[in-house]
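Reader: I would like to go through this model term by term. Please give the rule behind each word before using it.

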Amino acid sequence: MNKRRNEILQMVNHRKRIQVSELSEIIGVSGVTIRQDLNFLEKEGYLKRIHGAAVVNHVDDIDTRLEICFDVKQSLAIKAADLVTPNETVLIEGGSANALLARLLAERGDVTIITPSAYIAHLIRNTSANVILLGGVYQHHGESLVGPLTKLCIENINFSTAFLGVDGFHQDTGFTSRDMMRAEIASVILTKNRRNIVLTDSSKFGQIYPSTIGKTNNINILVTDSGISDGDLTFFKNNNVEVIF
């Protein structure tokens, strides 16, 4: 990696998010050159590109995560919303694609939404949807509620479908999360043995994170995009997971 790209990476890691125009001004090269450098750094897995800016590769701020592959996530949300029937009660665990799903369902106004995500509850606050926000310990970075109280709430509430977010998937580990506390909540949701649906774009496949989320065959449906590999498609089929893309 050349000196300029290393300097860009250091600034992105320090600032968490920085505009292309600002990088161009600080480093003293054109915006075209900065974009070429950012494309290279993203391809190598060092950062993520969003419109007009770059962000650190692993960011917990949901507003920023929503901007990464937004069109793909919106498409996943639309597909997932079609799986929900009128007057159904669903639990939406969290994640950026699931936030978009929650907004679509809330705008429909015919679904009860249970969630441990304060972000999702705030996102749909101005709709007529019936929203149940679970209690627990508030995580400032991801705006989620976790811990023993959240698990107790899930154990004592009823729903027919659960939508879960993940950070990674590998055939050796199954679905995984960077956040141990959120992974625990997701695993408790899976023990309810309802219709469990994972929303994730295909960029998560091949990535492994510390905390496993249940077992692959605990998932009924995976909603993803066409970037999923044939090998992973076969793996999910063998584990009785329906894949929608």
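Author: Helices (H or I, at least four residues) and strands (E, at least two) are DSSP runs, and they are numbered from the N terminus. By that rule, Thr-216 lies in the loop between β13 and β14. The model is a predicted one: local features need pLDDT of at least 70 and side-chain atom pairs count only at pLDDT 80 or more, while totals for chains, interfaces and linings use all residues. Residues are numbered from 1 along each chain as its sequence is written, and side-chain values use heavy atoms, with hydrogens and water left out.

Reader: Why does Thr-216 count as buried?

Author: Buried means under 20% relative accessible area, exposed means over 50%, and partly exposed is in between (1.4 Å probe, protein chains only). Thr-216 has 9% relative accessibility, so it counts as buried. Leaving aside residues up to four places away in sequence, Thr-216 touches Phe-169, Gly-174, Phe-235, Phe-236, Asn-239 and Val-241. Contact here means heavy atoms within 4.5 Å.

Reader: Is Val-20 buried or exposed, and how do you know?

Author: Val-20 stands at 4% relative accessibility and therefore counts as buried. Val-20 belongs to helix α2 (residues 20-27). Not counting residues up to four places away in sequence, it touches Gly-31, Ile-34, Arg-35, Leu-38, Gly-52 and Ala-53. The C-alpha atoms of Val-20 and Ala-54 are 7.2 Å apart, although 34 residues separate the two along the chain.

Reader: What does Glu-143 count as, and why?

Author: Glu-143 has 23% relative accessibility, so it counts as partly exposed. It is found in the loop between β7 (137-139) and β8 (144-146). Glu-143 also has a positive phi, about 55 degrees, although it is not a glycine. Lys-16, likewise not a glycine, has a positive phi of about 75 degrees. Lys-16 sits in the loop between α1 and β1 (17-19).

Reader: What makes α2 roughly perpendicular to α3, rather than parallel?

Author: Axes are lines fitted to C-alpha atoms, for helices over the stretch in contact, and angles run from 0 to 180 degrees between N-to-C directions. An angle of 65 to 115 degrees counts as roughly perpendicular, under 35 as roughly parallel, over 145 as roughly antiparallel and the rest as oblique. Helices α2 and α3 pack at about 110 degrees, with their axes 9 Å apart. That angle makes α2 roughly perpendicular to α3. On the α2 side the contact is made by Val-20, Leu-23, Ser-24 and Ile-27, and on the α3 side by Gly-31, Ile-34, Arg-35 and Leu-38.

Reader: How do the residues of the contact of α2 with α3 divide?

Author: They divide into five nonpolar, two polar and one charged. Ala, Val, Leu, Ile, Met, Phe, Trp, Tyr, Cys and Pro count as nonpolar, Asp, Glu, Lys and Arg as charged, and the others, Gly among them, as polar.

Reader: How are α1 and α3 placed relative to each other, and why?

Author: Helix α1 (residues 3-15) and helix α3 (residues 31-43) pack at an angle of about 75 degrees, with their axes 10 Å apart. They are therefore roughly perpendicular to each other. Arg-4, Arg-5, Ile-8 and Leu-9 of α1 meet residues of α3 that include Thr-33, Ile-34 and Leu-41.

Reader: Which strands form the antiparallel sheet?

Author: Three strands form an open antiparallel sheet in the order β10-β11-β13. Its edge strands, β10 (168-170) and β13 (211-212), each pair on one side only. Strand β11 (residues 174-177) is joined to β13 by two bridges, and Thr-176 stands opposite Thr-212 in β13.

Methods:
Two strands pair if DSSP finds at least two bridges between them.
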